[in-house]
Amino acid sequence: MTALRTVTVGGSPVHVLESGTGPAVLMLHGSGPGTTGSGAWATTAQALGTSWHVVAPDQAGFGRTPIPAGARGGLRLWTEQAAGLMDALGAEHYAVVGHSMGGAVALALAAARPRQVTRVVAVSTMGAPGAPLSADLDAVWAAPAGPHGARDMLSRLVLDQALVTESAVAARAAAMRAGAAAFASLFPPPRARWADELTLPARTLTGIRAPVLLVHGAEDRLTPLGTAALPLLDHLADVRLHVLGRCGHVPALEHPHDFRRLLSCFLGREQGH
């Protein structure tokens, strides 16, 4: 059973996709314009089945979740909102899966809530100390709302251009237009500062005690393997890295079977499956 609902967190609404019952898994989307929790994770949540309680929010400034009054988007807000959401749902322990920007949030959440966060899966993640803003991520953050911007963005996200279908372009263009006003406030130029804001200090990373699985595409142009994932191996205490060949920035879309298998196996260890 999949449901969309709104949860109040810190006095502000958060739009959430929920499915299944059982151990909780918080799934955090990335930062591309038009991205939503359900758009990023609905297919993966369905594949996980009903034995997990999947929680996939629109983070502040994305989809139907507004930026709280007097705040702006950023790692601290997204981390605090994610923690507050799981508190509001009564989840005492949960795993966190995060893609790109969501990976940085997942790692920050694991550091901030060590007693709650049991496992982390960071996919095509940001967050590594010193990781520069890539030209492709800069272009994605700057993509104009509409079909041209959507096509250019999607072409940068994936290696196999056959995945950039007319229906995918149309759907993303519509989502970009719907969220254009809020997104414009998140990553205004110069954009390198926002990439810097999404990096975690080495001392924060070394303090994470939850097991971490890094999943990364070998051909990722937005968060390249060498600057985004490999440096994290030097800082995380309990970490493993799985690299997918012939894969860009979105393993869940480009290699869905392999991605779901990795996710199910890693999360299942927590339950002794």
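Asp87 is partly exposed, with a relative accessible area of 40%. The model is predicted, so to speak of local features a pLDDT of at least 70 is needed, side-chain atom pairs count only at pLDDT 80 or more, and totals for chains, interfaces and linings use all residues. Residues are numbered from 1 along each chain as its sequence is written, and side-chain values use heavy atoms, with hydrogens and water left out.

The side chain of Asp87 meets that of Arg113 in a salt bridge (2.8 Å, N to O). A salt bridge here is a side-chain nitrogen of Lys or Arg within 4 Å of a carboxyl oxygen of Asp or Glu. This pair links distant parts of the chain, 26 residues apart: Asp87 is in helix α2, and Arg113 is in the loop between α3 (101-112) and β6 (117-123). Arg113 is partly exposed, with a relative accessible area of 22%. Helices (H or I, at least four residues) and strands (E, at least two) are DSSP runs, numbered from the N terminus.

Helix α2 (residues 75-88) also holds Thr79. Is Thr79 buried or exposed? Thr79 is buried, at a relative accessible area of 9%. Apart from neighbours within four places in sequence, Thr79 is in contact with Val105, Ala108 and Leu109, where contact means heavy atoms within 4.5 Å.

Next comes the sheet. Eight strands form an open sheet in the order β1-β2-β4-β3-β5-β6-β7-β8, with mixed pairing. Its edge strands, β1 (2-9) and β8 (239-244), each pair on one side only. From one strand to the next, the twist averages 20°. Two strands pair if DSSP finds at least two bridges between them. Strands of a sheet pair through backbone hydrogen bonds, either parallel or antiparallel. Strand β3 (residues 24-28) and strand β5 (residues 94-99) run parallel and are joined by five bridges. Which residue in β5 is the bridge partner of Leu26? The partner is Val96.

Helix α1 (residues 37-48) touches β1, β2 (12-19), β3, β4 (53-57) and β5, and its direction makes about 170° with that of β4. Helix α2 lies across β1, β2, β3, β4 and β5, running at about 110° to β1. For these angles, axes are lines fitted to C-alpha atoms, for helices over the stretch in contact, and angles run from 0 to 180 degrees between N-to-C directions.

The salt bridges come to a count of eleven. In one of them, the side chains of Arg72 and Glu197 meet at 3.4 Å, N to O. Arg72 lies in the loop between β4 and α2 and Glu197 in helix α8 (residues 192-197), so the pair ties together parts that are 125 residues apart in sequence. Arg72 counts as partly exposed at 32% relative accessibility, and Glu197 counts as partly exposed at 33%.

Another salt bridge is formed by Arg221 with Asp136, whose closest N and O atoms are 2.8 Å apart. Because Arg221 lies in the loop between β7 (212-217) and α10 (225-228) and Asp136 in helix α4 (residues 135-142), the pair ties together parts that are 85 residues apart in sequence. Arg221 counts as partly exposed at 41% relative accessibility, whereas Asp136 counts as buried at 12%. Salt bridges that share partners join Asp136, Asp152, Arg156 and Arg221 into one network.

Methods:
Buried < 20%, exposed > 50% of the residue type's maximum accessible area, 1.4 Å probe, protein only.
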